[in-house]
Amino acid sequence: MKRSRWGRGFFALAAAIVALASCGRSGWTTIEDKAQVFKTYAYSEPDPVPVFARPGSGGRGERLYPYFFFDGFSRTAIEKSWNVVRLENPYLSVSVLPQVGGKVWGATDKRDGAEFLYTNHVMKFREIALRGPWTSGGIEFNFGFIGHTPSTAAPVDYALRRNRDGSVSCVVGNLDLPSRTFWSVEVNLPPDKAFFRTRTQWFNPTPFHQSYYNWMTAALPTAGDLEYISPGRFQIGHDYSVPLEPWPLDGRGHDLSKYRDNAFGSSKSYFTVGEYEDTSGAYYRDADKGFGHWALYDDMPGRKIWIWDLSRAGAIWEDLLTDEDGQYSEPQFGRLFNQSDHEFLTPSRTDRWSEVWFPYSKIGPLVKASPWAVLNAEHRDGALKIALFSLQALDDDLTVTAGGAEIFRERLRLEPARVYRKTVRLESAGVPYEIRLAANKLVYRSDPKANDIERPLRFRPDDESTTEGIYLAADRLHKERQYGLALEKYLACIAREPRHVRSLVRTAELFSRRGEDGKGLGYARTALEHSMYDPAANYIYGVISRRLERLVDAKEALGWAARSLEFRSGAYGLLAEIALQENDADLALEYAGRALETNAFNFNALDVRATALRLNDERGPAVNVINRILDADPLHHLARFEGYLLNPGPASLKAFQSNIRNEFPQETYLELALYYVRLGLHRDAVRLLKLSPESPTVCARLAYLTKADSPAESAAHLKKAFQLSPWLVFPFREEDIPVYEWAIRERPSDWKPQYYLGLLLWSKGRLDEAKALFEGCSGVDFAPFFLTRSALYLDGAPGKAAADLRQALALDPKTWRTWHALSRFTIETGLKAESLETTARAMELFPDDVSIQVDRVKALLGNGLPRDAAALLDRIEALPSEGASALHSLFVRSHILIALDEIRKRDYRAALKSLDLAKTYPERLGSGQPFDPDWRLQDYLRAVCFERLNDKDQAAAIRTTIRDLTDAELESRLRSLRRAHKP
């Protein structure tokens with residue numbers, strides 16, 4: 001096996017590491033990056049239509065752009081090689097999958113070979129995540145907004161490192177494209193401890209507030225003896241749909257903390273709150289083994305337990321997501337209480353936190369843990385039984401006090417992963433006791449109210465009857481990346497209260513984010529007229545002024561903003577950039593230093609320091625800054641490029657390029673290049689972009705950057721930009737708006753620059769301008785263009801939408817997607833005859849495609865042909881998405897409609913057979929039967945049939961089970977069925 005070591009400095013090459021070994025004080029560690037072949041159920045078929053124009057995406061599409069969706073999921077496995085990074089010490093083995101979102105694949109307790117994190121030994125991608133593909137198991141890192149993160153099934157950047165303390169680390173990270181923030185997670189394994197850490201870092205390099213959402217999703221194997229240890233007095237569901245309810249005992253006698261007691265209802269999401277506690281985990285009582293998680297409460301107050309429905313509705317996902325590893329459950333840990341909550345990652349802010357993950361055994365369920373040990377304590381019959389599992393070497397006193405008096409003390413000397421037990425006499429059951437390891441390495445208090453949180457915990461929507469309520473609703477939407485809706489509400493606040501400074505400031509920011517800096521500046525100016533020293537108003541006024549090249553105003557406003565602690569680091573960082581832009585490297589260093597005083601990890605300021613020192617030819621200090629950056633963030637690509645500019649050569653170039661291995665490397669290069677563009681260092685930007693993989697967006701930017709100094713080169717880049725295929729090209733940065741506006745002027749007869757600018761403006765909510773650009777395109781020979789443009793016409797001009805869909809089909813009749821789009825349109829707009837014809841032709845071409853089959857079923861039902869629909873449903877083998885029930889609904893409707901036809905023909909026995917069939921759940925349609933299926937409509941019609949057959953007793957018995965179905969509900973359901981499927 002090839003071995004190399006990763007050292008500090010910009011010249012260190014993490015990609016070259018295949019194996020590392022290090023020695024600690026009392027242990028050892030190894031790390032290897034090795035290809036491994038897995039049985040893989042692959043995903044494929046990226047959708048070339050942008051997500052905001054994708055049918056059914058709703059408001060989520062605009063929040064997810066420029067990412068695209070995948071539609072293809074395989075039922076058959078192939079053998080495929082994946083990179084696996086394995087970290088080992090004497091106690092644990094931890095594996096990471098850098099090509100699958102950087103997730104922790106699994107973790108094993110080496111004492112007995114048992115996995116304490118669920119490991120899925122096949123890659124079985126299924127449609128669950130924001131972009132579709134997702135696999136179960138390990139620990140998934142989720143950033144951005146609610147849902148499985150966009151990179152969860154995709155390659156991310158990663159680096160291996162050996163640390164000075166003897167530990168080894170795999171650092172994974174990625175650029176989140178919609179927010180342009182960068183997250184990284186260091187999976188760290190010490191040599192002498194029976195746990196591993198994750199250290200997370202999330203940096204917002206933009207001048208805007210970005211959506212703040214983070215949950216770490218772990219997975220555990222399920223078993224009948226599984227018990228959840230999730231501190232809290234209350235639990236709440238998603239979207240506050242469940243108000244605060246008791247935890248763990250509910251009002252129906254269920255102990256929700258016990259896996260087997262959740263055999264009711266649907267899948268469960270329990271967010272537990274109300275207790276100030278650092279520890280949570282799980283325990284398998286029969287095996288006397290457990291899983292634990294520790295983080296400072298301040299870092300990870302959010303706790304959630306996810307349990308698949310214990311009926312067949314959830315159990316089918318065991319087969320859908322794995323081959324032999326069984327069902328799993330997810331303890332999840334978040335930065336906020338509920339996954340419906342989002343906050344802001346403020347400009348230039350870096351968030352950092354640490355978590356500890358560990359197994360334990362032979363002590364009973366944990367009641368308290370720390371990075372030092374796991375504790376169980378039980379007081380019964382006058383005896384306090386103490387059991388402790390060491391997570392690292394201990395040489396400390398264990399003390400027990402009761403009623404304030406010490407009743408026990410013993411010196412513990414334990415190696416890691418050892419068990420200590422002791423029984424202490426404690427006669428009084430009513431006296432609270434306390435157990436301590438050393439002074440504060442672990443502290444457990446028996447008083448059940450010791451950690452109760454008394455401050456208000458209110459989860460509810462905002463009351464919009466007041467201006468403040470409207471502002472809070474806008475603020476919530478803003479945090480959730482629903483920028484268009486947020487802007488509407490901020491403007492509503494201003495309409496009610498023109499001096500509402502916070503709304504004026506937020507409106508200015510949102511207009512600037514849309515690339516409408518002139519409008520934004522007007523609102524920022526109005527805010528300053530009402531509150532001249534307001535820090536937020538000065539900050540956004542400075543940001544926009546700089547974008548408009550009004551540098552004097554920018555510097556003056558940012559200086560005022562820097563007096564506020566909230567904006568100090570960000571404002572000084574921008575002032576440092578402006579100083580470099582004005583060729584004053586010394587002043588840039590001064591301002592960068594000030595920015596770092598209040599945020600030592602403001603990477604914007606650190607970047608400026610490295611660049612300023614390079615421009616001053618202070619090579620040694622520049623290298624020191626680069627090393628400082630890489631020590632804090634081994635995946636900081638700009639620092640490596642600065643190292644290459646300092647010392648050009650094959651080694652430094654490889655050190656830079658080899659670490660960029662995410663799904664969209666060209667976007668990384670573009671993001672880095674825009675740093676140099678902001679500083680006016682266009683030559684550095686050009687030099688960097690010439691190293692990038694080729695793409696239309698890179699070529700367009702190169703053309704724009706070279707147009708003044710090298711017109712011929714610029715023309716060549718521009719020609720290349722629009723010769724390249726537009727397949728999966730989705731511009732999204734507001735800084736690119738002038739690039740495409742210029743390109744349109746340079747190439748007025750070319751449709752591609754108009755198309756790209758139209759996509760960009762559409763993504764920013766500027767629909768009228770986008771529509772005008774799309775309508776101005778001529779000579780287009782790209783089917784996805786017409787699929788995309790049709791979405792602009794669906795509401796107001798369905799005739800134009802139909803024409804575009806037919807044009808897409810004419811251009812690309814051999815792709816299921818174009819047939820599906822037209823079929824869907826004809827079905828949803830009530831073009832019954834055309835829907836029959838279109839879906840019939842599509843079925844001839846794609847007889848086994850599930851989307852086409854479903855279209856055909858809908859068309860048949862819409863044309864009053866439920867028997868034909870049912871016959872086709874009998875052939876369908878579908879892979880569902882999480883929570884999907886649409887196919888089963890079509891199955892039920894088909895057989896109810898058949899039964900209604902048979903009732904009209906007075907063939908009641910045949911109708912009963914159809915109704916009985918309508919009460920089944922064929923799992924090939926992607927749904928399993930839940931605990932309490934709603935069969936009331938079927939049963940009502942069954943009762944009618946039995947009455948017509950003069951079986952009054954059977955009819956009466958059925959009616960007693962459906963008394964809560966009112967006549968009005970019945971008529972409504974029947975009308976809905978007939979209306980939806982009337983020929």
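Biologist: Quick one on Tyr-297. Buried or exposed?

Modeller: Tyr-297 counts as buried, because its relative accessibility is 11%. Buried means under 20% relative accessible area, exposed over 50%, and partly exposed in between, with a 1.4 Å probe and protein chains only. This is a predicted model, so local features need pLDDT of at least 70 and side-chain atom pairs pLDDT 80 or more, while totals for chains, interfaces and linings use all residues. Residues are numbered from 1 along each chain as its sequence is written, and side-chain values use heavy atoms, with hydrogens and water left out.

Biologist: And how does Tyr-276 count?

Modeller: Tyr-276 is partly exposed, because it has 41% relative accessibility.

Biologist: How many aromatic pairs does the structure hold?

Modeller: There are 53 aromatic pairs. Rings of Phe, Tyr and Trp (its six-membered ring) pair if their centres lie within 6.5 Å; planes under 30 degrees apart are stacked, over 60 edge-to-face, the rest tilted. One of the pairs is Trp-215 with Phe-271: centres 5.7 Å apart, planes at 80°, so edge-to-face.

Biologist: Which strands hold Trp-215 and Phe-271?

Modeller: Trp-215 is in strand E18 (residues 214-218) and Phe-271 in strand E23 (residues 268-273). Strands (E, at least two residues) and helices (H or I, at least four) are DSSP runs, numbered from the N terminus.

Biologist: What about the rings of Tyr-276 and Tyr-297?

Modeller: That pair is tilted, because the planes of Tyr-276 and Tyr-297 stand at 45°, with centres 4.6 Å apart. Tyr-276 is in the loop between E23 and strand E24 (279-284), and Tyr-297 is in the loop between strand E25 (289-294) and strand E26 (302-307).

Biologist: What lies over the face of Tyr-158?

Modeller: Arg-661 does, at 3.7 Å from the ring centre. The charged end of Lys-124 sits over the ring of Tyr-41, 4.6 Å from its centre. The test: NZ of Lys or CZ of Arg within 6 Å of the ring centre and within 35 degrees of the ring normal.

Biologist: Sheets next. What is the order of the eight strands?

Modeller: E13-E14-E15-E16-E29-E25-E24-E20, an open sheet with antiparallel pairing. Strand E13 (157-162) and strand E20 (226-229) each have a single partner strand, so one side of each lacks a neighbour in the sheet. Two strands pair if DSSP finds at least two bridges between them. E13 and strand E14 (residues 168-176) are joined by six. Ala-159 stands opposite Val-171 in E14.

Biologist: Why is strand E36 largely enclosed?

Modeller: Four of the five residues of E36 (residues 433-437) are buried, so the rest of the structure largely encloses the strand. Strand E33 (residues 394-402) pairs with E36 over five antiparallel bridges. E36 also pairs with strand E37 (residues 442-445), antiparallel, over four bridges.

Biologist: What do E36 and E37 form?

Modeller: A hairpin, with four residues between E36 and E37. Ala-438 in the turn has a positive phi of about 55°. Glu-434 stands opposite Arg-445 in E37, and Thr-401 stands opposite Glu-434.
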